[in-house]
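I have put together a few friendly notes to read beside the model.

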Amino acid sequence: MWRNRNVWIILSGEMIAGLGLWTGIIGNLEFLQEKVPSDFVKALILSIGLLAGIIAGPLAGRIIDQSKKKTILIAAGFGRLFSVVFMLLAISTGSVWWMVAFIITIQLSATFYFPALQSTIPLIVKDDDLLTMNGMHMNVATIARVAGTALAGVILVYWSLASLYWVSMLAYALLLGFTMLLKVDEEKEGRGEKGKKEKGGFIEVFPVLKAFPAVGMTLVMTMIPLLFIGSFNLIVINISEIQDSSSIKGLIYTFEGIAFMIGSFVVKILTRKWKTTVILFFFASMVAIAEFMLYFADNIVITLAAFAVLGFALGCFFPTAMVIFQKQMPKAYHGRFFSFRNMLERVMFQIVLLSAGAFLDILGLQTMVIIFGMISLSLTLLFFIQMKRRNIILEHQIKAEPAAEII
């Protein structure tokens with residue numbers, strides 16, 4: 001795998017893109033904190049981009065399966081690059097509406113980019129290397145997150161807010177250059193035979209999920225961590241206000257990011273001793289524990305420990321889930337499946353973001369995290385019971401049937 005030129009291109013590109021993404025995210029939080037006092041209104045603004053992604057999701061999945069993945073990645077890269085212009089206009093005019101335009105365009109780009117990237121990875125590495133590749137890819141994204149937030153903190157101290165977005169624009173331009181260097185052989189996947197069957201979009205994903213119940217159960221399981229992840233930025237802003245510290249933002253991202261990287265390495269050892277079912281359900285429960293720990297959000301040590309627990313749990317959970325998706329879902333449906341998953345995540349983000357904004361305004365952070373923790377634990381138990389009742393075995397690697405037979 002390490003001699004594969006495409007692997008290094010993807011990892012290098014994602015490192016650079018991650019720096020641009022997270023300098024932009026920190027800039028967004030600073031801009032919102034300055035311009036918008038209400039947590040619920042902040043959530044509304046952030047949710048507009050998610051809504052645009054939800055609407056475009058079915059079209060994105062269909063286009064990804066019908067087109068060359070590299071073409072989609074390049075087009076989405078141009079969209080990312082162009083979107084930063086809107087944020088520069090927002091800063092120069094002080095208008096939140098330009099920020100809304102930025103959020104919509106960058107989320108639309110992400111709606112095409114990430115499913116296309118997830119569909120490309122199984123085409124460039126062998127099945128046996130998928131767990132390693134997914135772990136490395138997520139680690140690179142996490143390193144970029146830690147480095148990006150640290151870089152953003154330095155830039156905000158010495159330069160202007162607009163400087164963050166110039167860094168983002170440079171990073172997205174470099175990502176575009178790396179993407180153009182990719183060489184992906186998609187013809188061997190039989191794209192020519194699929195054209196007529198791909199017009200149904202997401203509708204054709206449901207029979208496949210029924211034929212591969214382990215994929216469907218894992219997809220449902222990934223909704224549990226989103227309760228925390230969807231409200232992540234709002235929680236970080238509130239903790240910063242509770243502790244009256246702007247530097248805590250960078251520390252939280254750093255602790256969570258480092259723990260995530262450790263988890264993604266540890267999970268490769270755990271897979272030799274633990275069943276896939278144990279890994280997914282145990283670390284879903286650990287996300288709930290992290291939520292409960294944030295009841296003590298006024299204590300910096302417990303706060304950082306909570307995010308470390310979260311990061312470690314996610315580092316073990318998501319690479320495992322991604323391998324199930326990539327191995328057991330037929331490759332002919334990868335574009336639509338990952339777009340469908342992306343759309344589900346955006347719906348959840350939308351619900352969680354608006355709920356978190358309302359809870360923070362009405363109940364406060366400490367009450368909200370207890371409610372979220374109870375929901376996470378309850379869902380984990382419910383899904384475990386359903387899995388046992390339906391006799392779904394996540395460990396069994398089902399051989400993907402031809403697309404025609406599934407339909």
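1. A word on the basis. This is a predicted model, in which local features need pLDDT of at least 70 and side-chain atom pairs count only at pLDDT 80 or more, while totals for chains, interfaces and linings use all residues. Residues are numbered from 1 along each chain as its sequence is written, and side-chain values use heavy atoms, with hydrogens and water left out.

2. Searching the whole structure gives two salt bridges (a side-chain nitrogen of Lys or Arg within 4 Å of a carboxyl oxygen of Asp or Glu). In one, glutamate 34 pairs with lysine 35, with 3.7 Å between the closest N and O atoms. Glutamate 34 is exposed at 57% relative accessible area, and lysine 35 is partly exposed at 36% (buried is under 20%, exposed over 50%, partly exposed in between, with a 1.4 Å probe and protein chains only).

3. The other bridge joins arginine 341 and glutamate 345 at 3.1 Å, N to O. Both residues are buried. They sit four residues apart in helix H14 (residues 334–362), about one turn of the helix; helices here are DSSP runs of H or I, at least four residues, numbered from the N terminus.

4. Helix H3 (residues 69–93) has 25 residues and spans 37 Å from first to last C-alpha, close to the expected 36 Å (1.5 Å times one less than its number of residues).

5. Valine 85 lies in H3 and is partly exposed, at 34% relative accessible area.

Conventions:
Helix = DSSP H or I, 4+ residues; strand = E, 2+ residues; numbered from the N terminus.
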